[in-house]
Amino acid sequence: MASINPHIHFNGNTEVAFEFYKSVFGGTFSKIIRFKDINFEGFTMPEEELNKIMHIALPIGGTTKITGSDVPKMLGEVNESENRSKVTITAESKVEAETLFNGLSAGGAVEFPMGDSPWGSYFGAFRDQFGVEWMIEFVEK
């Protein structure tokens with residue numbers, strides 16, 4: 001079965017954001033590539049962007065990972081206030097849902113506090129301190 005893994009763009013703070021995500025989810029990065037690590041003919045990058053993240057991956061659980069990168073200034077900026085796609089996490093318990101919600105929403109803005117939803121799940125939604133929108137859900141089986 002295919003899996004879906006979110007990739008999020010940042011304006012130069014990918015490493016800080018992913019260190020925060022790692023502090024909540026645990027684990028270790030499976031890959032970190034900086035722009036300075038890219039070496040092929042014709043590829044040039046301004047000096048001030050060489051240490052930025054070109055690709056980072058954090059495995060979560062057995063088959064999921066979250067990936068991200070910094071957007072080079074020459075490609076514009078990510079509008080961190082716009083309504084981007086949300087990252088959805090399906091927790092295995094209410095306790096896990098609460099833990100992830102409280103950890104990831106720290107420093108952010110809660111849109112829908114964790115609680116029983118009208119559709120029958122335990123649900124919460126927020127924008128984290130980096131502008132990324134998350135939804136956490138637990139469904140009793």
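The following is a working chat about a predicted model of a protein.

Biologist: What elements does the protein have, helices and strands counted?
Modeller: The protein has 2 helices and 8 strands. Read from the N terminus, the elements go β-α-β-β-β-β-α-β-β-β. This is a predicted model, and everything below refers to that model.

Biologist: What does the C-alpha trace span along its principal axes?
Modeller: About 55 × 30 × 25 Å.

Biologist: How much of the protein counts as buried?
Modeller: Of its 141 residues, 38% count as buried. The accessible surface comes to about 8,300 Å², and carbon and sulfur atoms account for 52% of that surface.

Biologist: And what share of the contacts is between residues 24 or more positions apart?
Modeller: Taking contacts with a separation of 6 or more, 55% are between residues 24 or more positions apart.

Biologist: Let's do the sheet. In what order do the strands of the open sheet run?
Modeller: The order is E5-E8-E7-E6, so named for 4 strands in an open sheet with mixed pairing. The twist from one strand to the next averages 10°.

Biologist: Which strands stand at the edges?
Modeller: Strand E5 (86-90) and strand E6 (109-116). Each has a single partner strand, so one side of each has no neighbour in the sheet.

Biologist: What holds strands together in general?
Modeller: Strands of a sheet pair through backbone hydrogen bonds, either parallel or antiparallel.

Biologist: In which sense do E6 and E7 pair?
Modeller: E6 and E7, the latter covering residues 122-127, are antiparallel, with 5 bridges between them. One example is phenylalanine 112, whose bridge partner in E7 is alanine 125.

Biologist: Changing topic: how many salt bridges are there in the whole structure?
Modeller: The search finds 6 salt bridges. One of them joins the side chains of arginine 34 and glutamate 15, at 2.9 Å from N to O.

Biologist: Where do arginine 34 and glutamate 15 sit?
Modeller: Arginine 34 is in strand E2 (residues 31-34) and glutamate 15 is in helix H1 (residues 14-25). They are 19 residues apart, and the pair links distant parts of the chain.

Biologist: Is arginine 34 buried or exposed?
Modeller: Arginine 34 is buried, at 15% relative accessible area. Glutamate 15 is partly exposed, at 33%.

Biologist: Which residue does lysine 22 form a salt bridge with?
Modeller: Lysine 22 pairs with glutamate 19, and their closest N and O atoms are 3.6 Å apart. Both are in helix H1, and because they are 3 residues apart there, about one helical turn separates them.

Biologist: How accessible are lysine 22 and glutamate 19?
Modeller: Lysine 22 has a relative accessibility of 23% and counts as partly exposed. Glutamate 19 has 36% and also counts as partly exposed.

Biologist: What about arginine 127, what does its side chain meet in a salt bridge?
Modeller: The side chain of glutamate 133, with an N to O distance of 3.4 Å. Salt bridges with shared partners join Arg127 and Glu133 with Lys86 and Glu111 in one network.

Biologist: Is glutamate 133 buried or exposed?
Modeller: Glutamate 133 counts as buried because its relative accessibility is 3%, which falls under the 20% cut-off. Arginine 127, at 22%, counts as partly exposed.

Biologist: Now glutamate 137. Which strand does it lie in?
Modeller: Glutamate 137 lies in strand E8 (residues 133-138). Its side chain makes a polar contact of 2.7 Å with the side chain of serine 121.

Biologist: What else does glutamate 137 touch?
Modeller: Leaving out residues up to four places away in sequence, glutamate 137 touches Ile89, Thr90, Ala91, Trp119, Ser121, Tyr122 and Phe123.

Biologist: How far is glutamate 137 from isoleucine 33?
Modeller: Their C-alpha atoms are 32 Å apart in space, and the two residues are 104 residues apart in sequence.

Biologist: Last one: where is threonine 67 found?
Modeller: Threonine 67 is in strand E4 (residues 64-70). It is buried, with a relative accessible area of 6%.

Biologist: Which side chain does the side chain of threonine 67 make a polar contact with?
Modeller: That of histidine 7, at 2.7 Å. Beyond residues up to four places away in sequence, threonine 67 touches several residues, among them Pro6, Ile8, Phe18 and His55.

Notes: Residues numbered from 1 in each chain as written. Predicted model: local features only at pLDDT ≥ 70, side-chain atom pairs only at ≥ 80, totals over all residues. Heavy atoms only, no water. Pairing = 2+ DSSP bridges. Axes fitted to C-alpha atoms, helices over the stretch in contact; angles between N-to-C directions. Buried < 20%, exposed > 50% of the residue type's maximum accessible area, 1.4 Å probe, protein only. Polar contact = N/O pair within 3.5 Å; in protein donor to acceptor, adjacent residues only side chain to side chain. Contact = heavy atoms within 4.5 Å. Areas by Shrake-Rupley, 256 points an atom, 1.4 Å probe, with all protein chains shown as cover. Salt bridge = Lys/Arg side-chain N within 4 Å of Asp/Glu carboxyl O.
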